[in-house]
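Subject: Structure for your review

Dear colleague,

Please find the structure below, handed over for your review. The findings follow it.

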Amino acid sequence: MKPKVFLTREIPPAVLAFLREHTDLTLNPADRVLSRAEIIAGLQGRDALLCNITDAISAELIAAVPSLRVIANFGVGFNNIDVAAATARKIPVTNTPGVLTEATADIAFALLLATARRLGEGERLVRSQQWTGWNPMQMLGTDVTGATLGLIGFGRIGQAMAKRARGFDLNVIYWNRTRLSTAEEAAFGVTFRPFDEVVATANFLSLHVAYNPETHHLIGENQFATMLPSAILINTARGPIVDEKALVEALRTQQIAGAGLDVFEKEPALEPALYTLNQVVVIPHLGSATIGTRTKMGMLAAQNLLAACSGQRPPHCVNPQIYL
Ligand code: DGY
């Protein structure tokens, strides 16, 4: 018998075709985020939930679907799911690590370049037909080559960022909960520094940690106060890692020079000033948004849920203790 799957949002066609072949699939017909009640209704009698990072999978929702055997997230981050509640019911929760590393690092580096070289501002000027011609003092940005890139978090995406930084002769310093071995640091060409030192000395500070209660507002008023006035903050991880109100204040008072942001505290809403501050480049959570990457994410999510439904431990289970 094919497992009964509820998918909360349309995903790339190759994945839909695979799911239709291997599962009994129900897809949210409306291309929007469903309410909790709608997800519960759609899930009744189903074995598997294939959800997105915008779906809040709470303890109440999990408790309301006794048939649920697996929660497969379409994303590497899983802070949208109450994993403790799923674990208490022995329901595996899975994610999609690895396949979105390069695409996300590309976006982080693109934001670094775009913010340093004022691409958003420049594009707005040209499109508004206000550009009056080349000017020796117009839109002078920040040099990237030879600057110091500070990485907060040195997992897969942080490491991919370090690889990109090499091509720009950046000096890369990093902080991570676990320090790499000397040989690994040499291979990546990076230097470990304490958290506060990375924050205070980076010309570009890029965030690559998971979001959890410990990383909530990891970058806030105290950190902005120590950053270089020329510093640029890059966030492609999760919005609430940065205190967005404190960020706006730091930008307004020129405690830091700019920010390149793919993620926000209360997506899709932004702290109002971020819509207008010129020294900010903002994009709509595009880190993994390539057709190839989203297809790989979907295939991984599908493999995870099929494994769980056949009683095996899924390849990417974030609560493996349920199998002990
Ligand atoms: C993830 O997978 O966590 C990303 O934020 C989605 O792009």
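In which loop is the place of glutamine 129? Glutamine 129 sits in the loop between H6 and S6, where helices (H or I, at least four residues) and strands (E, at least two) are DSSP runs, numbered from the N terminus.

The model is a predicted one, in which local features need pLDDT of at least 70 and side-chain atom pairs count only at pLDDT 80 or more, while totals for chains, interfaces and linings use all residues. Residues are numbered from 1 along each chain as its sequence is written, and side-chain values use heavy atoms, with hydrogens and water left out.

Backbone features

Most residues other than glycine have a negative phi, and most peptide bonds are trans. Glutamine 129 is a residue other than glycine with a positive phi, near 60°. Its relative accessibility is 71%, so glutamine 129 counts as exposed; buried means under 20% relative accessible area, exposed over 50%, and partly exposed in between (1.4 Å probe, protein chains only). Arginine 118, also not a glycine, has a positive phi of about 60°. Arginine 118 lies in the loop between helix H5 (101-116) and helix H6 (119-127), and with a relative accessibility of 27% it counts as partly exposed. A cis peptide bond, with omega about 5°, joins glutamate 267 and proline 268. Proline 268 has its place in the loop between S11 and S12.

Domains

The protein chain is divided into domain 1 (4-98 + 291-323) and domain 2 (101-282), with bounds that come from an automatic or database domain assignment. Their C-alpha centres lie 32 Å apart. To the contact (heavy atoms within 4.5 Å), domain 1 gives 6 residues and domain 2 gives 5 residues. The area buried between domain 1 and domain 2 is about 500 Å², and carbon and sulfur atoms give 49% of this. Buried area here is the accessible area (1.4 Å probe) that two parts lose on being put together, summed over both.

Strand S6 (residues 148-152) contains leucine 149. Leucine 149 counts as buried, because its relative accessibility is 0%. Leaving aside neighbours within four places in sequence, leucine 149 is in contact with several residues, among them Leu112, Met161, Val172 and Phe204. Leucine 149 and alanine 56 are 93 residues apart in sequence, and their C-alpha atoms are 34 Å apart in space.

S6 and S7 run parallel and are joined by 5 bridges; two strands pair if DSSP finds at least two bridges between them. Within this pairing, valine 172 in S7 is the bridge partner of leucine 149. From S6 the chain crosses through helix H7 (residues 156-166) to S7 in a right-handed β-α-β crossover. A crossover is right-handed if, with the strands pointing away from the viewer, the path from the first strand over the helix to the second runs clockwise.

Of the 5 residues of strand S7 (residues 171-175), 4 are buried, so S7 is largely enclosed by the rest of the structure. S7 also pairs with strand S8 (residues 190-192) in the parallel sense, over 3 bridges. Here tyrosine 174 has phenylalanine 192 in S8 as its bridge partner. S7, helix H8 (residues 182-188) and S8 make a right-handed β-α-β unit.

Strand S10 (residues 232-235) and S11 run parallel and are joined by 4 bridges. Leucine 261 in S11 is the bridge partner of asparagine 235. The chain passes from S10 through helix H11 (residues 244-252) to S11, and this β-α-β crossover is right-handed.

In strand S11 (residues 258-261), Gly258 and Gly260 point one way, Ala259 and Leu261 point the other way, and all are buried. S11 is joined to strand S12 (residues 280-282) by 3 bridges, and the two run parallel. Leucine 261 stands opposite valine 282 in S12.

Cysteines

A disulfide is a covalent bond between the sulfur atoms of two cysteines. With a disulfide taken as a pair of cysteine sulfur atoms within 2.5 Å, the count comes to 0 disulfides.

Yours sincerely
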